[in-house]
Amino acid sequence: MPTPAGTAHPAYGELRAVTPLASVLLAENPSPMTLEGTNTWVLRAPGVEECVVVDPGEDDEDHLRRVAAQGPVTQVLLTHHHHDHAGGARRFAELVGAPVRALDPSLVLGSEALAHGDVVEAAGLEIKVLATPGHTADSISFVLDGPGNERSTVLTGDTILGRGTTVIAHPDGSLGPYLDSLRRLAALPTGTAVLPGHGPELADAPAVATAYLAHREERLEQVRAALARLGPGATARQVVEIVYADVDQVLWPAAEWSVRAQLEYLRG
């Protein structure tokens, strides 16, 4: 059962109700990249026993069994292929006997791949698929319209995080598509809540996406300035040492992915 209303993030090992349609089970896999851990989302309409699970997480038997215990699972949806979201999907499908669906056909089990504009009807819900590439090429988000006067929500995987900003996982990820994805999220109705793949939920998707866009533009200006100082042939690592000088060096390898994407974007 979900934890009582008002239970805050993070809450390991407990199903925490966030909206009338969505509860979260936080995997205990914290790291600089995953924040407090991976958010596994359990979706169902009020009064419905069956559920849809989004991003079962890593191949962690204890976590997967806790998620499986939340009720009959009709479908498993993946926001993208990264191990901390999808690594346990095959094992989870074995535990619950449900198909796995994703944009990438190689991740699909017992069903069809998803595409932008698809609507998944399950657990009393209509879950709309929104293509949001950029963090990875196969990143997608899921939009839920709230019942009655409840506000809509969007599950963003790693496209928008509950805290901080997202890495562009170059070369799979790409900055141009990511900026387009942020603009798509910024166009959602005001007050659409964000249910991210990591970190706490956020109140307003358009506001967050707009702030992300401003941050990306600021970073691009910083990269341009670094290139002016270093020369046009500067490496991503050289740029990171200037632009991310105030960031913990444990995050520099991830920052280097994003800088490679920024350099490709600027030189393209």
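Student: In this predicted model, does Asp55 count as buried or exposed, and at what relative accessibility?
Tutor: The model is predicted, so the value is computed from its atoms. Asp55 is found in the loop between strand E4 (51-54) and H1. The cut-off for buried is under 20% relative accessible area. Asp55 counts as buried, because its relative accessibility is 2%.

Student: What is phi of Asp55?
Tutor: Most residues other than glycine have a negative phi. Asp55 is not a glycine, yet its phi is positive. The value is about 60°.

Student: Which loop holds Ala123, and what is its phi?
Tutor: Ala123 is found in the loop between strand E7 (119-122) and strand E8 (125-131). Ala123 counts as buried, at 0% relative accessibility. Its phi is positive, in a residue other than glycine, and lies near 55°.

Student: Where is Pro171, and is it buried or exposed?
Tutor: Pro171 sits in the loop between strand E10 (153-157) and H4. Exposed requires over 50% relative accessible area. Pro171 has 71%, so it is exposed.

Student: What is omega for the peptide bond from His170 to Pro171?
Tutor: Most peptide bonds are trans. The bond from His170 to Pro171 is cis. Its omega is near 10°.

Student: What is omega for the bond from His9 to Pro10?
Tutor: Pro10 lies in the segment before E1. The bond from His9 to Pro10 is cis. Its omega is near -5°.

Student: How many Å separate Pro171 and Leu144 in space?
Tutor: Along the sequence, Pro171 and Leu144 are 27 residues apart. In space, C-alpha to C-alpha, the separation is 31 Å.

Student: Which strands stand at the edges of the open sheet, and why?
Tutor: The open sheet has 6 strands with mixed pairing, in the order E1-E2-E3-E4-E5-E6. An edge strand here has a single partner strand, so one side is left without a neighbour in the sheet. The edge strands are E1 and E6 (100-101).

Student: How many residues lie between E1 and E2 in their hairpin?
Tutor: Strand E1 (residues 16-17) pairs with E2 in the antiparallel sense, over 2 bridges. Arg16 stands opposite Val24 in E2. The two strands form a hairpin, and the number of residues between them is 4.

Student: How many bridges join E2 to E3?
Tutor: E2 and strand E3 (residues 39-43) run antiparallel. Ser23 stands opposite Val42 in E3. Leu26 has Asn39 in E3 as its bridge partner. The number of bridges joining E2 to E3 is 5.

Student: Which residues of E2 point the other way from Ala22, Val24 and Leu26?
Tutor: Strand E2 (residues 22-26) is mostly covered, with 5 of its 5 residues buried. Ala22, Val24 and Leu26 point one way from E2. The residues pointing the other way are Ser23 and Leu25.

Student: At what angle does H3 run to E5?
Tutor: H1 lies across E2, E3 and E4, at about 160° to E2. H3 also packs on the sheet, touching E4, strand E5 (73-77) and E6. The direction of H3 makes an angle with that of E5 of about 175°.

Student: Why is H1 called oblique to H3, and what is the hand of their crossing?
Tutor: Helix H1 (residues 61-68) and helix H3 (residues 89-96) pack at about 40°, with axes 10 Å apart. That angle makes H1 oblique to H3. Glu61, Leu64, Arg65, Val67 and Ala68 in H1 meet Arg91, Phe92, Leu95 and Val96 in H3. The crossing is right-handed.

Student: Which residues of H7 make the contact with H4?
Tutor: The axes of H4 and H7 come within 8 Å and cross at roughly 95°. The two helices are therefore roughly perpendicular to each other. H4 contributes Leu175, Gly176 and Leu179, and H7 contributes Ala261, Gln262 and Tyr265.

Student: Which helices are among the cover of the buried residues of H7?
Tutor: The buried residues of H7 include Trp252, Ala254, Val259 and Leu263. Their cover includes H4 (175-186), H5 (205-230) and H6 (236-243).

Student: How far apart are the end C-alpha atoms of H7?
Tutor: Helix H7 (residues 252-267) has 16 residues. At 1.5 Å a residue, it should span 22 Å. The computed separation agrees, at 21 Å.

Technical notes: Residues are numbered from 1 along each chain as its sequence is written. This is a predicted model: local features need pLDDT of at least 70, side-chain atom pairs count only at pLDDT 80 or more; totals for chains, interfaces and linings use all residues. Side-chain values use heavy atoms; hydrogens and water are left out. Buried means under 20% relative accessible area, exposed over 50%, partly exposed in between (1.4 Å probe, protein chains only). Two strands pair if DSSP finds at least two bridges between them. The expected span of a helix is 1.5 Å times one less than its number of residues. Contact means heavy atoms within 4.5 Å. Axes are lines fitted to C-alpha atoms, for helices over the stretch in contact, and angles run from 0 to 180 degrees between N-to-C directions. Angles under 35 degrees count as roughly parallel, over 145 as roughly antiparallel, 65 to 115 as roughly perpendicular and the rest as oblique. A crossing is left-handed if the near helix is turned anticlockwise from the far one by less than a right angle, and right-handed if clockwise.
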